[in-house]
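Here are my notes on this model, as numbered points. Please read them with the coordinates open.

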Amino acid sequence: MFKTLEWTEAGVVLIDQRKLPSEEVYQVFRTYQEVAQAIKDMVVRGAPAIGVTAAMGIALGVKQIEAADPVAFEQKFLLICDTLAATRPTAVNLFWAIERMKKVFYENFRKGDFAQLKRALEDEAIHMHHEDVELNRRMGRLGASLLPQRASVLTHCNAGALATAGYGTALGVIRAAVEQGKSLQVFADETRPFLQGARLTAWELQKDQIPVTLITDNMAGHFMQSGRVDCVIVGADRIAANGDVANKIGTYSLAVLAKENSIPFYVAAPTSTLDLNISSGEQIPIEQRSPQEVTHIKEARIAPAGINVANPAFDVTPNRYVTAIITERGIAKSPYNESLRKLKE
Ligand code: MRU
């Protein structure tokens with residue numbers, strides 16, 4: 001089994017997701033700046049994985065602070081946090097993880113023992129890693145109860161072990177259902193432009209021997225209309241208090257198609273993805289990525305030079321299209337303002 005991310009004495013080890021599925025390469029990131037760059041460059045991606053990696057980046061950065069003076073020590077810590085926070089704007093798990101590390105930092109900072117403080121941050125990052133795998137398993141078991149004994153499930157992007165510390169959110173639900181003896185068949189959208197579906201979801205499910213059919217994004221409507229999809233399950237990068245869901249670009253179109261065809265549309269995400277500080281999806285910042293991702297596939301140009309390109313990495317699905325939100329603490333349904341608040345309490 002592959003490892004998405006790992007804390008080691010040498011630094012943070014990540015499987016390079018840009019190289020999958022053709023090469024399974026692990027790389028060590030030895031400074032917090034290298035970890036931040038790895039998140040920016042999509043070596044590691046997926047909301048929960050970004051959060052845990054950032055926590056490890058902070059632990060690594062603080063471990064390497066040499067200042068003995070508290071003012072300089074704290075300034076360096078805040079610089080590390082700001083550098084990691086500036087990597088990707090949409091997935092709230094990143095900011096949630098940084099806040100959690102800040103809490104541990106200040107609890108220990110007051111005591112003045114910097115060696116102990118460094119250990120506490122390292123322990124917290126490792127704990128977040130294990131916790132994420134555990135909660136994905138719990139979420140998976142809860143979500144699996146929504147699936148019939150035999151089902152054809154459509155998913156988008158990669159919300160699997162590669163997008164988390166392990167097991168996955170949307171793919172965690174699929175894995176748990178299979179473990180419970182359900183007979184599933186998955187349609188994986190290729191997920192242009194970065195191809196997380198074709199490269200990562202197809203790879204993960206094939207490795208697990210879960211039957212998977214790869215389709216291009218524009219085929220989803222056809223398969224829904226012809227009665228070959230029983231439900232859609234996706235992950236999320238940020239969920240607003242009213243249940244609006246930001247996820248990989250193309251998710252909104254799938255949700256509309258699902259409603260049109262009376263197919264349940266499920267979102268699986270840990271409570272760390274809930275951002276109850278914002279009332280609706282309109283307030284979610286949408287990352288704009290490089291035009292190169294659209295004009296090229298790997299090194300090959302597929303569009304004329306100089307063409308205008310738009311490349312928003314995420315879209316927002318209004319809550320009215322979401323049948324249920326599966327979390328590790330329970331399954332929320334509309335009205336989401338109430339159900340999500342109860343889960344986050
Ligand atoms: O740009 P990415 O690959 O980081 O986007 C990932 C997604 O949109 C996932 O669906 C989301 O983070 C949930 S992952 C459990």
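1. Pro335 sits in the loop that runs between strand 16 (330–332) and helix 11 (336–344). The peptide bond joining Ser334 and Pro335 is cis, with omega about 5 degrees. Bear in mind that this is a predicted model.

2. There is another cis bond to check. Arg192 and Pro193 are joined by a cis peptide bond, and omega is about 0 degrees here. Pro193 belongs to the loop between strand 5 (183–189) and helix 7 (196–207).

3. Look at the backbone of Cys157 too. Its phi is positive, about 60 degrees, although Cys157 is not a glycine. The residue is placed in the loop between strand 4 (150–155) and helix 6 (170–179). Most residues other than glycine have a negative phi, and most peptide bonds are trans.

4. Now the helix packing. Two packed helices are described by the angle between their axes and the distance between the axes. Take helix 2 (residues 47–63) and helix 4 (residues 92–109): their axes come within 7 Å and cross at roughly 30 degrees. That angle is under 35 degrees, so helix 2 runs roughly parallel to helix 4. The crossing of this pair is right-handed.

5. Which residues make the contact between helix 2 and helix 4? Helix 2 supplies Ala47, Pro48, Ile50, Gly51, Ala54, Ala55, Ile58 and Ala59. Helix 4 supplies Asn93, Leu94, Ala97, Ile98 and Met101. By class, the residues of this contact are eleven nonpolar, two polar and no charged.

6. Next, helix 2 with helix 5 (residues 114–144). The two pack at an angle of about 165 degrees, and their axes are 8 Å apart. The angle is over 145 degrees, which means that helix 2 is roughly antiparallel to helix 5. Helix 2 passes helix 5 in a left-handed crossing.

7. The contact of helix 2 with helix 5 can be listed from each side. From helix 2 come Pro48, Val52, Ala55, Met56, Ala59, Val62 and Lys63. From helix 5 come Lys118, Leu121, Glu122, Ala125, Met128, His129 and Asp132. How many of the residues in the contact of helix 2 with helix 5 are charged? Four are charged, alongside nine nonpolar and one polar.

8. Helix 2 also meets helix 3 (residues 70–85). Their axes come within 10 Å and cross at roughly 150 degrees. Helix 2 and helix 3 are therefore roughly antiparallel to each other. This crossing is right-handed. On the helix 2 side, the contact uses Ala54, Gly57, Ile58, Gly61 and Val62. On the helix 3 side, it uses Phe73, Phe77, Ile80, Cys81 and Leu84. The contact of helix 2 with helix 3 counts eight nonpolar, two polar and no charged residues.

9. Last, the ligand. It is surrounded by 19 residues, and the closest are Arg45, Arg88, Asp237, Asn247 and Lys248. Which distances to ligand oxygens deserve a look? A polar side-chain atom of Arg45 is 2.8 Å from an oxygen atom of the ligand. For Asp237, a side-chain N or O atom is 2.8 Å from a ligand oxygen atom. Gly46 takes part through its backbone: one of its N or O atoms there lies 2.9 Å from an oxygen atom of the ligand.

Note on methods
Residues numbered from 1 in each chain as written. Predicted model: local features only at pLDDT ≥ 70, side-chain atom pairs only at ≥ 80, totals over all residues. Heavy atoms only, no water. Axes fitted to C-alpha atoms, helices over the stretch in contact; angles between N-to-C directions. Helix = DSSP H or I, 4+ residues; strand = E, 2+ residues; numbered from the N terminus. Parallel < 35°, antiparallel > 145°, perpendicular 65-115°, else oblique. Left-handed = near helix turned anticlockwise from the far one by under 90°. Contact = heavy atoms within 4.5 Å. Nonpolar A, V, L, I, M, F, W, Y, C, P; charged D, E, K, R; others polar. Near = heavy atom within 4 Å. Polar contact = N/O pair within 3.5 Å; in protein donor to acceptor, adjacent residues only side chain to side chain.
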